[in-house]
Amino acid sequence: MRWSKTYIPTMRDNPSEAELVSHKFLLRAGYMRRLAAGVYNYLPLMQRVINKVSNIVREEMDSAGAVEILMPFVQPADLWRKSGRWNDYGKELARLKDRHDREMVLGPTHEEIITDLVSGELKSYKQMPLNMYQIQTKFRDEIRPRFGLMRGREFIMKDAYSFDINEEAHQGAYDKMVAAYHRIFDRCGLSAKQVDSDSGAMGGSGSHEFMVMVDTDGGECTIVSCDKCDYAANVEKAVFRELNPPVQDKEIKETEEVDTPNAGTIEEISEFLKMPPNRFAKTLLFNAEFKGKKKNVVKPVAAMIRGDRQINEIKFKNYLGCLELEMAGPETVEKLTGAPVGFAGPIGLGCAIVVDPEVENMTNFVVGANKADKHIINVNLNRDFKTTGVVDLKNAPVGEGCPECDGLLTASRGIEVGNTFMLGTKYSKSMGGKFLDRNGKEQLYIMGSYGIGVTRTAQAAIEKFHDDKGILWPKSLAPYQITIITMNAGKEPQQEAGEKIYNELTEAGFEVLYDDRMERAGIKLNDADLVGIPLRITIGDKSLAEGKIELKLRNESDLVRVDLSEIIEKSTEFLERAI
């Protein structure tokens, strides 16, 4: 492809809308343009990258025994009501009505559609196992779209769905898909880490995420892993083994209200009372939205964790089974407690209180007094207040013990590029997905769901592979393998050499982008670095006079002169070294 015949609108400056480096480069290098919040046009270079990712996914899905289909983007609301997710999915589900006033949704995922599709015809155990997939646009109405394709509203995704006759067969299908995922991400140049994760609105008995680990702020998720074994989990799912639990008092003491002027944080109170943070219990207030018969209901709820721990809102939301959960604002806190933020406590609190197991095991601990500048010491659960439930509510802290070996937990940042879900009978039960087993007895399908973010994978590759000049594409994803630059396109010898090399490489099967623009050499070189093609061939007067051209890999600093006659051989050799 000639640069002059395609559309690559590069930008000199970083766009104000972009926060992540990968988002900046996608815009600056002319890969995409914003249409609306979280919605983008994919330009020619990006479409080629999307095709590269899609082809890798398609080949590995086919190899794993899945068959490709395509399902509608617009879905009837009735199917979502039937599955129970019409309310459960939340406000990310974009809802609309057609001209006949029928309620519809823009598909964020297709569990309902695939179950409805097969439930009328997948009637015998002899028809299974079955795995079908599609590569299609999805829409999720994110409350705050950001980070480009990382947290966009419209995106391209591969979603696959497996149907098996029993749990044993399903485990085999699940393992096969996990192996296919590792092959896919390896082929994309991204060694993705498989971690335990929360199933969320998808439901089911278990799930995993595939994370690309990065050293930038683009890592949207915190991954907790062991420094010795293979244990790894999203922070929403991670557990730990406490190494040095605090010593608890054997004697139960009487409560005492104490003054804590201007001490509203754990650090401030700990310093003021000269007590370690693990002797405190934080009372955190939230507003939880629950499904009601006619309309949803919002109720205040409290969570209690040890003073040296951090709340995990996903764990809390899952326990409550609520639709939405958000931290209560100052007005709600003062209405519930009669005190400003920082002094909430469980005694006399007029709402449900859920405590973490560590709080349940504490004695004589410190809590807020529900009065400004006051706390209560020597508080004990059951004597001084009651709980409505005990459940793990905390993040696994770095430095504590691994739950599976004697190693220590570490934390790193990752980008989710894929997920796998053991759905079990969640959808087959609610939507009538049944078959006859070997004995002629009716059974429910055992289902699995498997997603890969195609556009997200492309941006994750940039977040992992870039420098201050631009993108460093892995060769398997790059829109072109080679870019050719003439330092002075107005000179006939350079033009002739450029045309000759372009034709030779194209005929040899290479994907080539020939920068034939009448632009200054500096602009072309900067654009080449920005766009991120793995191999650059530069044609200049001095080298050409010697019958040579310059080759440079995007991920290396050295320029190497080679004979024009060796262009095919040397290009092949250089690309083998590219990332």
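The legends below describe close-up views of a predicted model. In this predicted model, local features need pLDDT of at least 70 and side-chain atom pairs count only at pLDDT 80 or more, while totals for chains, interfaces and linings use all residues. Residues are numbered from 1 along each chain as its sequence is written, and side-chain values use heavy atoms, with hydrogens and water left out.

View A. E112 lies in α5, residues 111-119, where helices (H or I, at least four residues) and strands (E, at least two) are DSSP runs numbered from the N terminus. Because its relative accessibility is 0%, E112 counts as buried, a term that means under 20% relative accessible area with a 1.4 Å probe and protein chains only. The side chains of E112 and S83 are joined by a polar contact of 2.6 Å, that is, a pair of N or O atoms within 3.5 Å, of which, within protein, one must be able to donate a hydrogen and the other to accept it, and residues adjacent in sequence count only if both atoms are side-chain atoms. Leaving aside residues up to four places away in sequence, E112 touches L79, W80, S83, R85, Y427 and M431, with contact meaning heavy atoms within 4.5 Å.

View B. The 20 residues of α2 (44-63) reach 29 Å from the first C-alpha to the last, close to the 28 Å expected at 1.5 Å a residue, the expected span being 1.5 Å times one less than the number of residues. Among the buried residues of α2 are K52 and E60, together with L45, M46 and V49. Just after α2, G65 takes a positive phi of about 95°.

**View C. The largest cavity.** The largest cavity has a volume of about 50 Å³, where a cavity is a set of points, on a 1 Å grid over the protein atoms alone, at which a 1.4 Å probe fits but cannot get out, and lining residues have an atom within 4 Å of a point. Grid points are joined across faces, edges and corners, and the volume is the space filled by probe spheres set on the points. The lining of this largest cavity consists of T483, A528, D529, I533, P534, R536, K552, L553 and R554, and the elements that give two or more residues to it are α14 (521-531) and β30 (548-553).

**View D. The second largest cavity.** The second largest cavity, of about 30 Å³, is lined by L472, W473, G532, P534, R554, N555, A578 and I579.

Note on methods. Buried < 20%, exposed > 50% of the residue type's maximum accessible area, 1.4 Å probe, protein only. 1 Å grid on protein atoms, 1.4 Å probe; cavity = no way out; pocket = protein on both sides within 12 Å on 5 of 7 lines; lining within 4 Å.
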